[in-house]
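Me: I have a two-chain complex open here. Can you walk me through it?

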Amino acid sequence: MRVEELLEHGFEALSLPDGGREIDGVYIGDLLSWVMGRAQMDNAWITIMNNVNVIAVATLADTSCVILAEDVEMPEELVETAREKGVNVLRSSQPIFETAVKLAGLIA
Amino acid sequence: MSDPLVFHFDVDGENFTSAGQASTQVKKNLRQLGLSPDIIRRVSIAMYEGEINMVIHADGGTADVMVTEEYVEIVLKDHGPGIPNVEQAMQEGFSTATDSIRSLGFGAGMGLPNMKRYTDSMKIDTVVGVGTTITMRVNL
């Protein structure tokens, strides 16, 4: 499934410079080094972290998108940075578990 | 055989939020060189972890990246406090980061282990009170 297709399923796009990117698996985590150690390339990464380092980690770990769960806000300047760096950032109003369950159904 | 390509970066110790600029730039450079996505990912994650460590623990430092036909070598050098017990520091989960660093999502004790995980070789030269130099290689 492509990242942009999530918009049809209740996910909100904050930054979508590369919406055609394919999602291959999901990783959940807030500890950035843990994410870099375990997330796979092209995973959708669900987190509640919303600082600038998230953008760097998503870039370097090559995840297909960051999904902020629980309706976490991302400051506008970070959204801007995400767009500049080509990082897709989406938001889900649901908690992490429900977000993951929904994604599991969608990418199965 | 062509000369190796060399990139040099100064890592700003004061600027925690911009940490990752050097590794992001390296990622871009390696992509332009046409290296495989997997190699690029391994090099840039290992380098980012090193960059973060230099910002958290050592007030910055320098990063030098050399690309040869056989490998990519990353040398991270700082004049920080040094690592008193390397074996302990290499254990997953061991961290001396402060709470404020943890609140940013770092300090999981995965930095050095990740650097080892993503590289083919890693050498740590450290002297307490003098500084640390880490040399990593990813084979092409």
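This is a predicted model: local features need pLDDT of at least 70, side-chain atom pairs count only at pLDDT 80 or more; totals for chains, interfaces and linings use all residues.

Me: Start with chain B. What is the strand order in the sheet of chain B?

Reply: The order is β1-β2-β3-β5-β4 in chain B. It is an open sheet of five strands, with antiparallel pairing.

Me: Which strands stand at the edges there?

Reply: β1 (5–12) and β4 (121–127) of chain B. Each has a single partner strand, so one side of each lacks a neighbour in the sheet. Neighbouring strands are turned by 10° against each other on average, direction ignored.

Me: How many bridges join β4(B) to β5 of chain B?

Reply: Seven, with β4(B) and β5 (residues 131–139) running antiparallel.

Me: What about α2 of chain B?

Reply: Helix α2 (residues 37–57) of chain B lies across β1, β2, β3 (71–78) and β5 of chain B. It runs at about 5° to β3(B).

Me: Switching to the interface. How much area do chain B and chain A bury between them?

Reply: About 1,900 Å², with 57% of it on carbon and sulfur atoms. In chain B, Lys27(B), Arg41(B) and Tyr48(B) lose the most area to chain A. Together they account for 27% of what that side buries.

Me: How many residues does each chain put into the contact?

Reply: Chain B gives 26 residues and chain A gives 22 residues.

Me: How many salt bridges are there between chain B and chain A?

Reply: Two. Lys27(B) also turns up here: its side chain meets that of Asp62(A) in a salt bridge, at 3.6 Å, N to O.

Me: Which elements of chain B give two or more residues to the side that touches chain A?

Reply: α1, α2 and α5 (111–117) of chain B. α2(B) gives the most, with eight residues. The residues on that side divide into 11 nonpolar, eight polar and seven charged.

Me: Now chain A. What is the strand order in its sheet?

Reply: β1-β5-β4-β3-β2 in chain A, an open sheet of five strands with mixed pairing. The edge strands are β1 (12–15) and β2 (26–28) of chain A, each pairing on one side only. The twist averages 25° from one strand to the next.

Me: In what sense do β1(A) and β5 of chain A pair?

Reply: Antiparallel, over three bridges, with β5 covering residues 89–91 of chain A. Ser15(A) has Val89(A) in β5(A) as its bridge partner.

Me: And which helices pack on that sheet?

Reply: Helix α3 (residues 76–85) of chain A packs on the sheet, touching β1 and β5 of chain A. Its direction makes about 80° with that of β1(A). Helix α2 (residues 52–61) of chain A lies across β3 (44–47), β4 (65–68) and β5 of chain A, at about 160° to β3(A).

Me: Last one. How many salt bridges does the structure hold over all chains?

Reply: There are 15. One of them joins Asp42(A) and Arg21(A), with the closest N and O atoms 2.7 Å apart. That pair links distant parts of the chain, 21 residues apart. Asp42(A) is in the loop between α1 (32–38) and β3 of chain A, and Arg21(A) is in the loop between β1 and β2 of chain A.

Definitions and conventions
Residues are numbered from 1 along each chain as its sequence is written. Chains are lettered from A and ligands numbered from 1 in the order in which they are written. Side-chain values use heavy atoms; hydrogens and water are left out. Two strands pair if DSSP finds at least two bridges between them. Helices (H or I, at least four residues) and strands (E, at least two) are DSSP runs, numbered from the N terminus. Axes are lines fitted to C-alpha atoms, for helices over the stretch in contact, and angles run from 0 to 180 degrees between N-to-C directions. Contact means heavy atoms within 4.5 Å. Buried area is the accessible area (1.4 Å probe) that two parts lose on being put together, summed over both. A salt bridge is a side-chain nitrogen of Lys or Arg within 4 Å of a carboxyl oxygen of Asp or Glu. Ala, Val, Leu, Ile, Met, Phe, Trp, Tyr, Cys and Pro count as nonpolar, Asp, Glu, Lys and Arg as charged, and the others, Gly among them, as polar.
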